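Hi,

Here is the structure I said I would pass on. Have a look at it first, and then read on for what turned up.

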Amino acid sequence: MLPAPGAKGGRDRRHRTDRPPSVRVHHPPHAAVDDATREIGAAIGVAITGSVLAAAYGHGIDPVAPMIPEPARAAVQDSLAAAIQVAEHAGPQGEQLAELAQNAFLDGLQQASWAVAAILLVGALISAFWPPRRS
């Protein structure tokens with residue numbers, strides 16, 4: 001009978017268990033910096049995208065905000081979901097409110113996408129013309 005692939009003397013060399021617990025696999029020193037950079041970049045990206053989306057949505061809702069009763073106005077200005085809920089209880093004008101809120105949200109999403117695309121383009125240009133130093 002042939003031994004299993006990667007096995008020598010019945011032991012799989014890929015999964016060594018005879019290594020002392022004090023011997024660990026070390027990652028390169030820059031791995032932690034890479035991870036931190038990725039995490040911070042993602043957090044900043046979410047913050048920028050959310051801010052642009054929220055600002056554009058608020059700007060799109062502003063023209064009809066004075067027509068919405070006070071208790072619901074702040075919720076409609078802050079959230080598409082709240083605007084849809086208010087629209088469901090608003091009767092015939094509710095359809096117009098829902099459509100306006102959806103369009104405001106989609107406009108905000110489009111603006112946020114363009115902002116992210118611009119940031120990505122700047123990052124790509126920096127990467128292309130400012131390569132990392134080789135050590």
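A quick word on terms before the layout: helices (H or I, at least four residues) and strands (E, at least two) are DSSP runs, numbered from the N terminus. Counted that way, the protein has 4 helices and 2 strands, and from the N terminus on they run β-β-α-α-α-α.

Please keep in mind that this is a predicted model, in which local features need pLDDT of at least 70 and side-chain atom pairs count only at pLDDT 80 or more, while totals for chains, interfaces and linings use all residues. Residues are numbered from 1 along each chain as its sequence is written, and side-chain values use heavy atoms, with hydrogens and water left out.

Now the overall numbers. Of the 135 residues, 15% count as buried, where buried means under 20% relative accessible area (1.4 Å probe, protein chains only). The accessible surface, from the Shrake-Rupley method with a 1.4 Å probe, is about 10900 Å², and carbon and sulfur atoms hold 64% of that.

Next, two of the helices. Helix α1 covers residues 30-61 and helix α4 covers residues 92-129. The expected span of a helix is 1.5 Å times one less than its number of residues. For the 32 residues of α1 that gives 46 Å, which agrees with the 46 Å between its end C-alpha atoms. α4, with 38 residues, reaches 57 Å from first C-alpha to last, close to the expected 56 Å.

How do α1 and α4 pack? Their angle is about 145°, with the axes 8 Å apart; axes are lines fitted to C-alpha atoms over the stretch in contact, and angles run from 0 to 180 degrees between N-to-C directions. The contact (heavy atoms within 4.5 Å) includes Val-52, Leu-53 and Tyr-57 of α1 and Ala-104, Phe-105 and Gly-108 of α4. Its residues divide into 15 nonpolar, 4 polar and no charged, with Ala, Val, Leu, Ile, Met, Phe, Trp, Tyr, Cys and Pro counted as nonpolar, Asp, Glu, Lys and Arg as charged, and the others, Gly among them, as polar.

Which residues of α1 are buried? They are Leu-53, Ala-56, Tyr-57, Gly-58 and Ile-61, and their cover includes α2, α3 and α4. In α4, the buried residues include Leu-97, Ala-101 and Ala-112, and the buried set packs against α1, α2 (70-78) and α3 (80-88).

Gly-94 counts as buried because its relative accessibility is 3%. Ile-84 is 10 residues away from Gly-94 in sequence and 8.1 Å away in space, C-alpha to C-alpha.

Cheers

Note on methods. Buried < 20%, exposed > 50% of the residue type's maximum accessible area, 1.4 Å probe, protein only.
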